[in-house]
Amino acid sequence: MRKVLVGIVVYAAVMGGIAAYRWHIWTFGTDTGTFSQVVLDAFGGFRDGPEQGTHFRFHWAPMLATLYPLVALTRSALSLEFAQIALSALAAVPLYALVRAHASERLAVACGLLALFYPPLVAVAFLEFHEIAFYAPVAIALFWAADRARWRAFAAFALVAVLIREEACVVFALVGLVFASLGWVARDRPGAGLLVGAPREPRRLVVAGLGLSLAAAAALGIYFGLVIPRVGMWQPVRFYDYPFAHGPLGVALALLAHPAYLCAVLTWGRLGYVLEALGPLAFLPLRSRWSLLALPGLVGVLLSSDAIAWRMGSHYAGIWIPWLLIGTAATLVDFERKRSPQFAGRAFGAIVACSVLFFVAFNPTHVLHYLRPVYAQADARRALALVPRGATMITHDEWFARIALTHPNATVFMRPDICYAVWADDFPNEYYQHVLRPQFRADVAAGSARIVESFGKVRVYESTAARCARAAAARISAPQTRG
């Protein structure tokens, strides 16, 4: 276990150092800033600027409230990136413990370290923060608790599991049914553990599995039956928009009823995504039935009509990653038990080689891209400092991430109530150059906006609308205090 802990410390130090450097050069995007606003408003409605209201319109994510002390104390969105790195690293602990119960210390350490260098999981830790960061350590810990018949721990992890995200609830509902079915089949034959297909306490596994499914179903019922009707339409439905169906359930039913529609889904890009998931693991998950637990999440990602969901390096991969790691661990344990420790060691060596090759050829972190500054900071800092902290404002994605907590009404999307904008004329973004910049130039020409100040190519725009003028007058007349 000591080697795994050393690996976690090294991993956290390296990844944390890279994150700190990215923060220094301003290359974190919108999501990190968005979630910092969501977390800081955890007890006020989970609201943020870019999503124009509560985050619950997009995802069921009560677990974000646990990060409130961290963000409230640090007042920095960078703290969320550190939290994401820590959560990803912690997946190594239950994976080690799961394997150690069935195999040698050497293989258990190898599997624990696997969670630290599996490329898709490294990418989830590296990019912008998302609530899916909780998923991998919790899913593996839940499996470990079921394997070891630690039912109190299982109940605790199950409670956390159903508070992460709505698609996680769907997966855990199915996982619970699988656990219950396996427990029922083996109800009179207790064995060495779930990982090797022989539950230690089959009858209790039935109860635990059904309890997990019911808890996940209850969370989904609360979200879609009580929360969504009060906050508006579930926004991710747009990720499932095809000519033949709309919404995840509609698309799935349409494909079952009309298999010909599969032509719209079976693309080379999606095939490449699957190969990028299995390739770094030397395709060993295919030898374990536990890898089938990855299918619900993987299918949900692949059915998306938006390619960003099945672009390796996006956070959506987090929904299937832990199950492939468990499937790989089960395969390696099987190799050691039925063949030899040497054979298992060679198989793990193949995983290391494939992962290294994958990092070199298809690195999903795109680290070289993100370690280059997007734009000089000096002028941007001075321009952003001119905007009143309570004002509604819009700016570039990377700049928003920096000021999201100091400017709670900041956003990256155009809204009718925007009073200020901070843009750089030469900012390297096609949408800005072809859509937003011409729009603001036209607004200035028409008199509906004015340039307050310029710092090099960076300009501070202010709307001349009556509401913004009244707000500005109120700020000027309000007594100024110093703390």
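This report covers the overall fold, the aromatic pairs and one hairpin of a predicted model.

## Overall fold

The protein chain holds 21 helices and 9 strands. Its radius of gyration is 25 Å, close to the 23 Å that the globule rule gives for 483 residues, so the chain is as compact as a globular protein of that length. Along the principal axes, the C-alpha atoms fill a box of roughly 80 × 50 × 45 Å.

Of the 483 residues, 53% count as buried. The accessible surface of the chain is about 21,700 Å². Carbon and sulfur atoms make up 65% of that surface. Among contacts with a separation of 6 or more, 71% are between residues 24 or more positions apart.

## Aromatic pairs

A pair of aromatic rings is described by the distance of the centres and the angle of the planes. The model has 29 aromatic pairs. One of them joins Tyr273 and Trp320. Their ring centres are 5.8 Å apart and their planes stand at 85 degrees; planes over 60 degrees apart count as edge-to-face, so this pair is edge-to-face. Tyr273 lies in helix 13 (residues 268–278), while Trp320 lies in the loop between helix 14 (295–302) and helix 15 (321–338). The pair therefore ties together parts that are 47 residues apart in sequence. Tyr273 is buried, with a relative accessible area of 0%. Trp320 counts as buried too, at 1%.

Trp399 and Phe427 form another pair. Here the centres are 5.6 Å apart and the planes are at 85 degrees, so the geometry is edge-to-face. Trp399 sits in helix 19 (residues 397–403). Phe427 is in the loop between strand 7 (420–424) and helix 20 (430–446). The two parts tied together are 28 residues apart in sequence. Both Trp399 and Phe427 are buried.

Arg22 lies over the face of Phe28, 4.1 Å from the ring centre. The charged end of Arg22 also sits over the ring of Phe126, at 4.9 Å from its centre.

## The hairpin of strands 8 and 9

Strand 8 (residues 449–455) and strand 9 (residues 458–463) run antiparallel and are joined by 6 bridges. Ile451 has Tyr461 in strand 9 as its bridge partner. The two strands form a hairpin with 2 residues between them. In the turn, Gly456 has a positive phi of about 65 degrees.

How values were computed:
Residues are numbered from 1 along each chain as its sequence is written. This is a predicted model: local features need pLDDT of at least 70, side-chain atom pairs count only at pLDDT 80 or more; totals for chains, interfaces and linings use all residues. Side-chain values use heavy atoms; hydrogens and water are left out. Rings of Phe, Tyr and Trp (its six-membered ring) pair if their centres lie within 6.5 Å; planes under 30 degrees apart count as stacked, over 60 as edge-to-face and the rest as tilted. Helices (H or I, at least four residues) and strands (E, at least two) are DSSP runs, numbered from the N terminus. Buried means under 20% relative accessible area, exposed over 50%, partly exposed in between (1.4 Å probe, protein chains only). A charge sits over a ring if NZ of Lys or CZ of Arg is within 6 Å of the ring centre and within 35 degrees of the ring normal. Two strands pair if DSSP finds at least two bridges between them. The radius of gyration is taken over C-alpha atoms; the globule rule is 2.2 Å times the number of residues to the power 0.38. Contact means heavy atoms within 4.5 Å. Accessible areas come from the Shrake-Rupley method with a 1.4 Å probe; for residues, only the protein chains shown count as cover.
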